[in-house]
Every structure is written in structure tokens, then in C-alpha cells.
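Student: I have a structure open and would like to learn how to read it. Could you take me through it step by step?

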Amino acid sequence: MRLEKCWFCSSTIYPGHGMQFVRNDAKIFRFCRSKCHKNFKMKRNPRKVKWTKAYRRLHGKDMTQDSTFEFERKRNRPERYDRNVTENTLKAIKKIDKVRVDREARHHALRRKGKKAKEQKEAAKELEQSIHMVKAPAALQQEPSLTLPKIKVSVSHQQAEENRPMEE
Amino acid sequence: MNAGLISKCSSVGRSMLGGLGNNSQGLLGTSHEIMRMTCNKFLSQQHRTFIQMRTNLKVVDNSGAKRVMCIQALKGKKGARLGDTIIASVKEAQPRGKVKKGDVVYGVVVRAAMQRGRCDGSEIKFDDNAVVLVNKQGEPIGTRVFGPVPHELRKKKHVKILTLAEHIA
């Protein structure tokens, strides 16, 4: 039993799933599901289709070079069955997966870095440029600080006075 | 509005617009989608079926025949599939070969455009329909086989063809 990779989306194909297409030049295309197969029949290039691994690797959205990928290289020599080797391999697979997932998470976090600072800078600039949409320029001159004035709501007899600044 | 849509449906083909019929889109929108759907249908989604009487197949050995037309699929009510034997008539042959045009021969289907399920649950399909000519005992007439062959032939006891093949899919 061998876990193959889908030619279009690069996900693993487990036994019992998917379709194989054999071209006359003996090249075998394996697909994980009919979505990938139909895209292939439409002659779409996986490097241009946004949700495939090929696109993501090409455009730097996922990590491309890592030592954990070396473990998944295709080996064509069959290994003699050894119980200890099998046990160790199974344990190692779990660990390598964890390491790989951590590294990918770090890669994604690195991609997202700098967004907060950028957003804050943009917000400050917008506040500076378009404050006139929120406050009247006359009111700005009365109160040079950029925050809107706090209006104290006190009871009854002062209500007539406080209505006037609100109408401005 | 609904009457207009229904008349448009009947003119193009009701089966295709089964899903669109209920939408209350403008007529312009529906006609654009009709165009797109017909283009996509012509492009890719051909449903491949069995190899039956009058099916043309390519011959992929060096027995001398080039094209062969199936006249009977042995085994199978609807037709032959990957790995089955058929009786065929030679339609086109090379001038000096073991078979001539008009001969009735047996053949084993080695490539079929219709998908065949494998015992592990996946499916396999090839690009074209191809056949290898055999005699009544099941031994190939030619001495070479071109192109990939499936290993379904092993179960059907066509081991000789597998040994001659250049690539087993």
C-alpha cells in the first residue's frame, strides 16, 4: 500500500479514493477526487489555481524548503520488514509531523507580521486627513485635541445650555 | 417573466436548465449561463461507455492490423471493458502482416477510455480504446505490444501480453 499525491492539488490519496488516468505515453496522473480530475480535464494549470499546493508554494504562501520534507521523498527500494524499524518509524512520523506543522505555523505568522503596525499607521493617517468628515472645522478650533469633547449629562436645569454645543 | 423564461427553456433543452429554471434572473443573465454551460459540456464531460458492436479500436501490437471493429463482446451484456476479450473484424491493415483486411479475429482489450474499478477502491482509465489480437487460445499473434497495459490482465490470465508490454500501469 502506498500513499500517493494528487497530481493537481498535491494532497495525499488514501487507498480506496480517487482516480488514475494513464496517458498513452505511460504517464500516470493520480487525482484525489473528481474536483481535481475535472479541473485537469479542463486543462487548467495547477500553478495558477489558487487553492492548490503548487500555487501556494510558487507564490510563497507555504514553506518550500525544509528538512522535514526530506523524510517524505519517494523511495523505490522495498525495505525488509523489521519490527523495530517499523515501530521507530511510526513514532518518528508523529514527531516529524508535529515539527513540520509548527514550522508551517511559524511561516504563516511571519507572513502576517507587520500587519498591525501597518493598520495603525493607516488609521492614524486617515484620522489626520479626514477628521473634517466627523467634526466641523470650527469645532476643531475650539478644542485642538483630536478627541471628541466629553459632554457631561447633568440633570434638569442645565439641559438648555448643553443642547447648544450638541447642535453645532 | 416566468412565461418568457419557460419559452426560452423549451427552445434550448429542458434538462440543462433544470437548475436555472427556478431562478428569477433577467433573460440576459440566463442566456449567458446557457452559453457557458454548453461550452463546458462540449469541452470535457464525456461519459465513456463499454466497447460494443461497431466500436473502432486501435491495435497496439505488430500483428499487421491497424484498426479493428468490434463485432461481438464475449461476456458482458452491455459490452466489453478493460481486460475482456472481443471478436473483431480487421478494417485496416498493413500490407505485409499476419492478418489482412476483413479477417475475423479475437482481441483482448488492453486500454479502455471507460474507467474500471480496482479492487482497492480506486479507478483507472486510459486515453483511448486499444486491443491486442490473440488467437482462440488467448496467445497473442504479434510479438510486441506498444503503450501501457493495466495489470488487470494478470487476473484474466493474459500473462504473455504482460511479459511483452513495455509499461504496466
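Student: What ipTM and pTM does the model score?

Tutor: The ipTM is 0.71 and the pTM is 0.70. Chain B averages a pLDDT of 80, with 74% of the residues at 70 or above. Over residues 1-42 of chain B, however, the pLDDT is below 50, and this stretch has 22 contacts in the model beyond near neighbours in sequence. Where pLDDT is low, predicted coordinates should not be read in detail.

Student: Now the helix. Which residues of α1 in chain A are buried?

Tutor: In α1, residues 34-41 of chain A, the buried ones are A:Cys36, A:His37, A:Asn39 and A:Phe40. Seen down the axis of α1(A), they fall within an arc of 165°, so they line one face of the helix.

Student: What do the buried residues of α1(A) pack against?

Tutor: Their partners are β3 (19-22) and β4 (28-31) of chain A, together with β6 (123-126) of chain B. Just after α1(A), A:Lys43 takes a positive phi of about 60°.

Student: How should I read a positive phi?

Tutor: Most residues other than glycine have a negative phi. In chain B, B:Arg54 has a phi near 80° and sits in the loop between α2 (27-43) and β1 (56-59). B:Lys157, with phi near 65°, lies in the loop between α3 (152-155) and α4 (159-164).

Student: Is B:Lys157 buried or exposed?

Tutor: B:Lys157 is exposed, with a relative accessible area of 68%. B:Arg54 also counts as exposed, at 63% relative accessibility.

Definitions and conventions: Residues numbered from 1 in each chain as written. Chains lettered and ligands numbered in written order. Predicted model: local features only at pLDDT ≥ 70, side-chain atom pairs only at ≥ 80, totals over all residues. Heavy atoms only, no water. Buried < 20%, exposed > 50% of the residue type's maximum accessible area, 1.4 Å probe, protein only. Helix = DSSP H or I, 4+ residues; strand = E, 2+ residues; numbered from the N terminus. Arc of directions from axis to C-beta. Contact = heavy atoms within 4.5 Å. pLDDT = per-residue confidence, 0-100.
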